[in-house]
Amino acid sequence: MTGVSNMVEVKGVIQYTMKVSPKVSVIMNCLNCGRYLCEAIDSVYAQTYKDWEIIFWDNASIDNSAEIAKSYDDRLKYFRGDKTVPLYAARNLALKQAKGEYIGFLDCDDLWLSTKLEKQLKLFSREKVGLVFCNTFFMNQKTGNERVLYNKKPLTGMIFRQLLSNYFLSLQTVLIRRKCLDRLNEWFDDRFDMVGDVDLFTRIAFDWELDYVDDPLAKWRIHGDNMTFKKMGLFGKELLMMLDKYKRSYSNFQNDYKEEIENIKARAAYYEAVEEWKTGNGNKSRKIILPHIANNPKFLIVYLISVLPYKKYSNILRIVGRYVLTKLIFLQG
């Protein structure tokens, strides 16, 4: 643990005490999130494990987010940028303020269950573990329905190869050891708008073991404002950028991870195809995805349903729920 001297005057005598840093820093990045903000912050304050701080980075919001955040006690450290910057640049700015030995991430429209930190911290007893994740609920904002992300226990251990091939972590579930960041040349890659967390946690998995709490300890709110649903084409392009970076960063990467590279290319094509379908180019969508169906038979679903106009598919989703779309997007289950 680290600490700083804190000067206190007691009965006219100046004394110095040690102000100990919190064990966990919770990174919350905010841009006009007032609608859901109280629920998110309250879910941290409700944790059964109490040795934490919130690093709240306000990315120049113009709603009531600042007022809400400042209404909490000094365990919430409020910071505000002079202007709005890209999300992952803002995440890095927040990380610079974090003092904890462990770091978690909570977006302002998501929630933690009360025992999340308590249960996850226990798994860091082994020094080789750098990241612990857990199951999470999809929470449909309109209906209130909840379903879990993982229907079966995901892989753990040294799983860089598996994450590269089929990434399956969810940001709000992740807790990392601060040493993981200290040993990297960069934290979040601020060139990205969509895959910054995918990139960071995959790079951590190259050097560290991952472990898992087999309980849903967070809630991921699914609503129409989720950026992943709005910019799927960009998600695919950034996956290819990430792939190019790894080719430069890891020696013999192209030979050692041939199958995984093809899987990333297929996923990028999948996202591009869905984006084309959304914009009315169903024929182009099918041309993009057809060569990759053999790589992942689940792509056949998009190939077949893209004969429908995307608006008709959206109408079906209103009945079935966004849970189905989310499972398709992340190719889960």
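Student: Which residue has its backbone oxygen 3.0 Å from a polar atom of the side chain of Thr279?

Tutor: That backbone oxygen belongs to Glu276. A polar contact here is a pair of N or O atoms within 3.5 Å; within protein, one must be able to donate a hydrogen and the other to accept it, and residues adjacent in sequence count only if both atoms are side-chain atoms.

Student: What sort of model is this?

Tutor: The model is predicted: local features need pLDDT of at least 70, side-chain atom pairs count only at pLDDT 80 or more, and totals for chains, interfaces and linings use all residues. Residues are numbered from 1 along each chain as its sequence is written, and side-chain values use heavy atoms, with hydrogens and water left out.

Student: Where does Thr279 lie, and is Thr279 buried or exposed?

Tutor: Thr279 lies in the loop between helix 11 and helix 12 (282–289). Helices (H or I, at least four residues) and strands (E, at least two) are DSSP runs, numbered from the N terminus. Thr279 counts as exposed because its relative accessible area is 54%. The classes are buried, under 20% relative accessible area, exposed, over 50%, and partly exposed in between (1.4 Å probe, protein chains only).

Student: How far is Thr279 from Pro309?

Tutor: From C-alpha to C-alpha the separation is 9.3 Å, although the two residues are 30 apart in sequence.

Student: And helix 11 itself, how far apart are its end C-alpha atoms?

Tutor: They are 31 Å apart, which agrees with the 30 Å that the 21 residues of helix 11 (residues 258–278) should span at 1.5 Å a residue. The expected span is 1.5 Å times one less than the number of residues. Just after this helix, Gly280 takes a positive phi of about 95 degrees.

Student: Which residues other than glycine have a positive phi?

Tutor: Asn32 is one of them, with phi near 55 degrees, and Ala60 is another, with phi near 65 degrees. Asn32 is found in the loop between strand 3 and helix 1, and at 37% relative accessible area Asn32 is partly exposed. Ala60 lies in the loop between strand 4 and helix 2 and counts as buried, at 12% relative accessibility.

Student: Turning to helix 1, which of its residues are buried?

Tutor: Gly34, Tyr36, Leu37, Ala40, Ile41, Ser43, Val44 and Tyr45 are the buried residues of helix 1. Their cover includes strand 3 (24–30), strand 4 (52–58), helix 2 (65–70), strand 5 (76–80), strand 7 (111–112) and strand 11 (209–222). Contact means heavy atoms within 4.5 Å.

Student: Helix 2 again. What about Glu67, buried or exposed?

Tutor: Glu67, which lies in helix 2, is exposed, with a relative accessible area of 62%.

Student: New topic: at what angle do helix 7 and helix 9 pack?

Tutor: Helix 7 (residues 196–207) and helix 9 (residues 232–249) pack at about 30 degrees, and their axes are 10 Å apart. Axes are lines fitted to C-alpha atoms, for helices over the stretch in contact, and angles run from 0 to 180 degrees between N-to-C directions.

Student: Which residues make the contact?

Tutor: Helix 7 contributes Val198, Asp199, Thr202 and Arg203, while helix 9 contributes Met242, Lys245 and Tyr246.

Student: Now Asn135: where is it, and what does its side chain reach?

Tutor: Asn135 sits in strand 8 (residues 129–140) and is buried, at 5% relative accessibility. A polar atom of its side chain lies 3.3 Å from the backbone nitrogen of Leu149. Leaving aside residues up to four places away in sequence, Asn135 touches several residues, including Tyr150, Thr173, Tyr212 and Asp215.

Student: Where does Thr173 lie?

Tutor: Thr173 lies in the loop between helix 5 (160–165) and strand 10 (175–177), and Thr173 is buried, with a relative accessible area of 0%. A polar atom of the Thr173 side chain lies 2.8 Å from the backbone oxygen of Ser170.

Student: Finally, how many helices and strands are there in the chain?

Tutor: The protein chain has 15 helices and 11 strands, and 54% of its 333 residues count as buried.
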